[in-house]
Amino acid sequence: MELDKTGLQSRIFDVYSITGKRSYIFLCNMETNVSRWSKNAVEYFGLPDEYMYDAGSIWEEYIHLDDIETYRKNFDAVISGKTEWQDFEYRARNRFGNYVVCTCQCTILKGENGEPDLFSGTIINHGIIDSIDPVTNLYSDYSFLQELINVIDRNIPISVMEIGINMFSRINLMYGYTNGNQIMRRFGEQIKQLINGNGMVYRLDGAKFAVCMYGYSEEDTKNLYGQIAMIAKEKISLQDFIVPLKISGGAVVLNNYKGNVENIKSSIAYAFNQSKHERNGKLVFYYDFENDKESTDLELMSKIHKSVNKGCQGFYLRYQPIVDVKSEKVIGMEALVRWRHEEHGEVSPNLFIPWMEDDPSFFKLGNWIIRKALTDGMRLKKKIPEFIVNVNISLSQFERAEFRNSVLKILEETGFPPEDLYMELTERCRGLDRDFLREEMNFFRAMGVKIALDDFGTGTASLGLLTELPIDELKIDMSFVRGIEEKPVNQALIHHMVECAKTIGVKTCIEGVEDKPLSKYLDKYKATFYQGYYYSKPVTIDDFEKLLG
Ligand code: C2E
Ligand code: CA
Ligand code: CA
């Protein structure tokens, strides 16, 4: 089959079709309905041939069922001449049966007399990993970002909502990880059904989703959120019982918005945090893109966000000594992160860690913290070879599949012995599915890394956890030692915790030892380590080195 008589287009085609491995071109003679497609598209998708008759119908078979309608609408718009140029996105199946996200740009080239002659276009393959979330089969946050860029570029009025399932870690804990995933998938499916092709749903990090609705007003968005909240509460089932979910949501309505994507993302995240922590799940809108004074928190959030993306600029670590109770010698340190900005001064981790933990960029910062702490740890090992380093690990790090490899890579790069690294897990980490948690802990312990439970006694965790999870150290929260001399209950609790831990070979560290009398008082409990202002406040690595003498 020939596409044209001269063969010229074929030669041009040859040249263009080899320019990119992940971008393909096609050309269709509209009179004969014969098309030619790039060779690499034929190979990648397993199309029947480079030359195809009625390629439009053939290609449809490769498109994800949920995207066929969008595909047809866009395709018809160009073919019918309604628009000259169309740019759209869909998922297509490759020859291995995996769906990849493709963006297609196509147009009609007219002949000498103005009649439609050639239908031509390019397809860009954005790949599998980043574009589709494997758990819910929804578009991922990568695609969400692309869509935001697209709507700003083209000035499309849109309402964007971020929706999160509250306390999802509890759901994982109660029903297990696999069922948790199923719940998430069902929830995504239900939202999709509800919006019925009038918008888009994306799965973001964790148990969060984004919903984009074209041309929706604030009122429309509120109504939709109400319906989604109802679905969450009443319609998500596991086997044959309903699992009532509670959601939180933040939203913005964009109309002729001229700012950047990062601002939109931070604004929605800000509104979402308000909804989750202060408004009991009521939908919160973010309005104020311009007024800086009214949005210092948001400004701070977006600045910290930017700092992370600029190689963790502005972040630094302070170290606090960990002292061996018997010898009273410093045997290690805990790394504590700080952030400083010209305008805001030093910002406490108590302020930014809680909301950053919900943010995907925390993973980057988390790795930076581990790398820095272990590099500095190596420096101190020259003085004390058995020196240990404790690093705080947040939920968003621990739950990521790639966390294992990141830690191993950092250990290898820094040469820090795994046996001397203690990962401190907080209460939130312990909310993860027990089996998942145990598996991850076992993995790290098999590598030699030690696991500590931080702030023990502050949350819902019981001493029974010690026998259930493979841990090495218990850090007893400082709230137990405040005014301990007058608090017999706290005395009994500390005694009990230390004894229990000792019986099963787990070390203990009492935090918040602020002065000498307190350290002397605590000696009777025979904990393994002390930490607190009495020994030193968190200091720079240089000062820490001096402290060692
Ligand atoms: P944490 O892990 O329980 O850290 C101990 C906190 O207690 C530190 O506060 C430390 O400065 C403070 N502290 C130590 N000794 C005393 C004392 O004797 N008296 C009193 N009143 N306080 C004492 P900081 O550095 O402000 O950190 C607060 C929290 O932020 C940490 O609590 C931890 O949960 C989180 N955090 C800090 N750095 C990191 C980090 O690198 N990653 C993660 N995920 N979280 C971090
Ligand atoms: Ca800690
Ligand atoms: Ca602690």
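Q: Is Asn-392 buried, partly exposed or exposed?
A: Buried means under 20% relative accessible area, exposed over 50%, and partly exposed in between (1.4 Å probe, protein chains only). Asn-392 has a relative accessible area of 25% and is partly exposed. Asp-454 is buried, with a relative accessible area of 4%.

Q: What kind of model do these values come from?
A: This is a predicted model, in which local features need pLDDT of at least 70, side-chain atom pairs count only at pLDDT 80 or more, and totals for chains, interfaces and linings use all residues. Residues are numbered from 1 along each chain as its sequence is written, chains are lettered from A and ligands numbered from 1 in the order in which they are written, and side-chain values use heavy atoms, with hydrogens and water left out.

Q: Where do Asn-392 and Asp-454 lie in the secondary structure?
A: Helices (H or I, at least four residues) and strands (E, at least two) are DSSP runs, numbered from the N terminus. Asn-392 is in strand S17 (residues 388-393) and Asp-454 in strand S19, so the pair ties together parts that are 62 residues apart in sequence.

Q: Which residues come nearest to ligand 1?
A: A residue is near a molecule or strand if one of its heavy atoms lies within 4 Å of it. There are 22 residues around ligand 1, and Gln-320, Arg-338, Asp-454, Glu-514 and Tyr-533 come nearest. By class, this shell has nine nonpolar, six polar and seven charged residues. Here Ala, Val, Leu, Ile, Met, Phe, Trp, Tyr, Cys and Pro count as nonpolar, Asp, Glu, Lys and Arg as charged, and the others, Gly among them, as polar.

Q: Which elements supply the shell around ligand 1?
A: Strand S15 (330-341), helix H11 (349-356), helix H12 (362-381) and strand S19 (450-456) each supply at least two residues. S15 gives the most, with four residues.

Q: Which side chains have polar atoms close in distance to atoms of ligand 1, and what are those distances?
A: A polar contact is a pair of N or O atoms within 3.5 Å; within protein, one must be able to donate a hydrogen and the other to accept it, and residues adjacent in sequence count only if both atoms are side-chain atoms. An oxygen atom of ligand 1 lies 2.9 Å from a polar side-chain atom of Arg-338. For Asn-392, a polar side-chain atom lies 3.2 Å from an oxygen atom of ligand 1. In the side chain of Glu-514, an N or O atom is 2.6 Å from a nitrogen atom of ligand 1. Taken alone, ligand 1 exposes 800 Å², and the protein buries 86% of that. Accessible areas come from the Shrake-Rupley method with a 1.4 Å probe; for residues, only the protein chains shown count as cover.

Q: Which residues of H11 are buried?
A: In H11, Pro-349, Phe-352, Ile-353, Trp-355 and Met-356 are buried. At the start of H11, a side-chain oxygen of Ser-348 comes within 2.9 Å of the backbone nitrogen of Asn-350.

Q: What is the phi of Asn-155, and where does this residue lie?
A: Asn-155 is not a glycine, yet has a positive phi of about 60 degrees. Asn-155 sits in the loop between helix H5 (141-153) and strand S7 (158-165), and is partly exposed at a relative accessible area of 37%. Asn-196 also has a positive phi, near 45 degrees. Asn-196 is in the loop between helix H7 (177-195) and strand S8 (199-203), and counts as exposed at 60% relative accessibility.

Q: What does the side chain of Glu-50 make a polar contact with?
A: The partner is the side chain of Arg-36, at 3.0 Å. Glu-50 is buried, with a relative accessible area of 18%, and lies in the loop between helix H2 (39-45) and strand S3 (51-53).
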